[in-house]
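The sequence and the model come before the entries.

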Amino acid sequence: MPTTPRRAAFGSGIRDIAPILIGVFPFGIIAGVAAVEAGLGTLQAIAASQIVFAGASQLATMDLIARGAAPIVIVATALVINSRFVVYGAALAPHLRGLSPLQTAFGAYLLTDEAFAVSNHRFARETLDLPTRSAYYLGAGLALWTTWQVSSVIGVIVGGGVPPEWSLDFAIPLVFLVLAFAAIHDRGTRVAAVAAALAAAATAELPLNLGLLVAAAFGIAAGLLAERRR
Amino acid sequence: MGGHSSSTVWMLLGVIGFGTWLIRVSFMALLGRVERVPPLVGRILRLIPAAVLTALVVPGLTHAEGSFDLGTTRFLAGMTAAIVAWRTRNVPATIAVGMTVLWIAEALL
């Protein structure tokens, strides 16, 4: 099998994403613990990481299941959080054009913030042929996938033994705080965050956490207005 | 489980998993027919994380015990952690500070 360049590309995908995996590992543990704390059975808690494979939306889902939110609110919130993948897919598509439908389907499943970041960076810098690019993307994507599965299984195992007095559920909003601040980088995103925060506090007592979607929509509208006025 | 049955949770995971995959595959597969994300959609997508993540966090802090109350241990710990999150953008540091403040506050109050 004359796959040496491909194997090398697969390896460099793993190497490039490796530093990021150090940060992914504790995040995966928290996702596993959160699933158990939300009341999921062991099999369900482990399967969540394979079926969804998107950390922030998994945490939000577990948080909302624990709070008894309406199923429609849970699904909508998770999908809205994951809507960012539209942008990643569009950015990577020109580089992965020509893959078979099956390869595209599997590649899409492996799409994450981290795999996108390293691949987009590498593809923008270097001219590589399609097999090399797809091998690189596969290396990065599978390395992240494996890390996520191993760390969330550890979280599921550990999660059952954590006493409720430790209030470990509080780790979820703490992770979201960091992700929220990381998402604020200009006037529009700042206005969106502040408006969503105020609206979320004002609508917090609506049943089934419906206020969440109202507040998010309000924040996005405010952000769009703030950008237009500039 | 907040009132949700095991089969409801399976259904939720299935719908969210499949929906997420559709989002992931959409522009990868559509390319050729749709070349770029429309500008307004792109601007909305860019604002979503800041708005949704904030809306997820705030009620757990301002309404930690069910009704509006800024005197709870979770509000205090959350605000302290928010400063760390803002200055460092570091997940382990934010969790360490937030959980420590929460445990100390709960032991004292």
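I take helices (H or I, at least four residues) and strands (E, at least two) as DSSP runs, numbered from the N terminus. I note that this is a predicted model, in which local features need pLDDT of at least 70 and side-chain atom pairs count only at pLDDT 80 or more, whereas totals for chains, interfaces and linings use all residues. Residues are numbered from 1 along each chain as its sequence is written, chains are lettered from A and ligands numbered from 1 in the order in which they are written, and side-chain values use heavy atoms, with hydrogens and water left out.

**Entry: chain B**

I read the pattern of chain B along the sequence as α-α-α-α. The radius of gyration (taken over C-alpha atoms) of chain B is 20 Å, well over the 13 Å from the globule rule for 109 residues, so chain B is more spread out than a compact globule. The rule itself is 2.2 Å times the number of residues to the power 0.38. I looked up the extent of the C-alpha trace of chain B along its principal axes and found about 60 × 40 × 25 Å. The tally for chain B is four helices and zero strands.

**Entry: the interface of chain A and chain B**

With contact meaning heavy atoms within 4.5 Å, I find 87 residues of chain A in contact with 67 residues of chain B. Buried area is the accessible area (1.4 Å probe) that two parts lose on being put together, summed over both. Between chain A and chain B it is about 6,600 Å², and carbon and sulfur atoms give 77% of this. On the side of chain A, the residues that lose the most area to chain B are A:Gln44, A:Phe170 and A:Phe181, together 10% of what that side buries.

I next looked up polar contacts, each a pair of N or O atoms within 3.5 Å; within protein, one must be able to donate a hydrogen and the other to accept it, and residues adjacent in sequence count only if both atoms are side-chain atoms. Across this interface 14 residue pairs meet that rule, both residues being at pLDDT 80 or more. Among the elements that give two or more residues to the side of chain A are helix H2 (42-51) and helix H11 (211-229). H9(A) supplies the largest share of that side, twelve residues.

**Entry: salt bridges**

Which residue of chain A forms a salt bridge with B:Arg46? I count a salt bridge where a side-chain nitrogen of Lys or Arg is within 4 Å of a carboxyl oxygen of Asp or Glu. The partner is A:Asp186, with the closest N and O atoms 3.0 Å apart. This pair crosses between chains, from the loop between H9 and H10 of chain A to helix H2 (residues 39-62) of chain B. A further salt bridge joins the side chains of B:Arg43 and A:Glu227 (3.4 Å, N to O). Between chain A and chain B the count is four salt bridges, and over all chains it is eight.

**Entry: the domains of chain A**

By an automatic or database domain assignment, chain A is divided into domain 1 (5-164) and domain 2 (184-230). I find their C-alpha centres 26 Å apart. Eight residues of domain 1 of chain A are in contact with five of domain 2. The two domains bury about 560 Å² between them, 72% of it on carbon and sulfur atoms.
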